[in-house]
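Please look over the sequence and the model before reading on.

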Amino acid sequence: RDGGAVAEAGFEARGCEITVASADLMCEAVQGQPAHHIRNMAGRVAEMARTGQCEACEAALERLRPLSAVHAFPSRVKCVTLPWLALLAALDGDKEIARE
């Protein structure tokens, strides 16, 4: 919407439960947020998924904290980050997401 903030977010997905949960929680977290803030949030979520910790996570990301458990399962980190990468691609107007 005007000012660069996301008015609404939704998703259609077929994937593992972790990806669907991450997408659902992401949609809640990004509503009303400007694109630059969403980019920062995506970075913090990726950090949290890789390390299990997020020192700079604000209240908007607290609901995602249970997903930090994937850090113990490196093959599942992408399950958490995939929806965020798709959202970043959409914000950039890209039709495909960049590979990590």
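Q: In this predicted model, how many Å does helix α2 reach from its first C-alpha to its last?
A: Helix α2 covers residues 35–51 and has 17 residues. At 1.5 Å a residue the expected reach is 24 Å, and the reach from the first C-alpha of α2 to its last is close to that, at 24 Å.

Q: Are helices α2 and α4 roughly parallel or roughly antiparallel to each other?
A: The axes of α2 and of α4, which spans residues 77–92, come within 9 Å and cross at roughly 165°. Angles over 145 degrees count as roughly antiparallel, and α2 and α4 are therefore roughly antiparallel.

Q: How many residues of the contact of α2 with α4 are nonpolar?
A: On the α2 side the contact includes Ile 38, Met 41 and Val 45, while on the α4 side it includes Val 80, Trp 84 and Leu 88. The residues of this contact comprise one polar, three charged and, as the nonpolar share, 13.

Q: What covers the buried residues of α2?
A: The buried residues of α2 include Ile 38, Arg 44 and Met 48. Among the elements that cover the buried residues of α2 are α1 (17–30), α3 (59–62) and α4.

Q: Is Arg 50 buried or exposed?
A: Arg 50 lies in helix α2 and, leaving aside its neighbours within four places in sequence, is in contact with His 71 and Val 77. Residues over 50% relative accessible area count as exposed, and because Arg 50 has 51% relative accessibility, Arg 50 counts as exposed.

Note on methods:
Residues numbered from 1 in each chain as written. Predicted model: local features only at pLDDT ≥ 70, side-chain atom pairs only at ≥ 80, totals over all residues. Heavy atoms only, no water. Axes fitted to C-alpha atoms, helices over the stretch in contact; angles between N-to-C directions. Helix = DSSP H or I, 4+ residues; strand = E, 2+ residues; numbered from the N terminus. Parallel < 35°, antiparallel > 145°, perpendicular 65-115°, else oblique. Contact = heavy atoms within 4.5 Å. Nonpolar A, V, L, I, M, F, W, Y, C, P; charged D, E, K, R; others polar. Expected span 1.5 Å × (residues − 1). Buried < 20%, exposed > 50% of the residue type's maximum accessible area, 1.4 Å probe, protein only.
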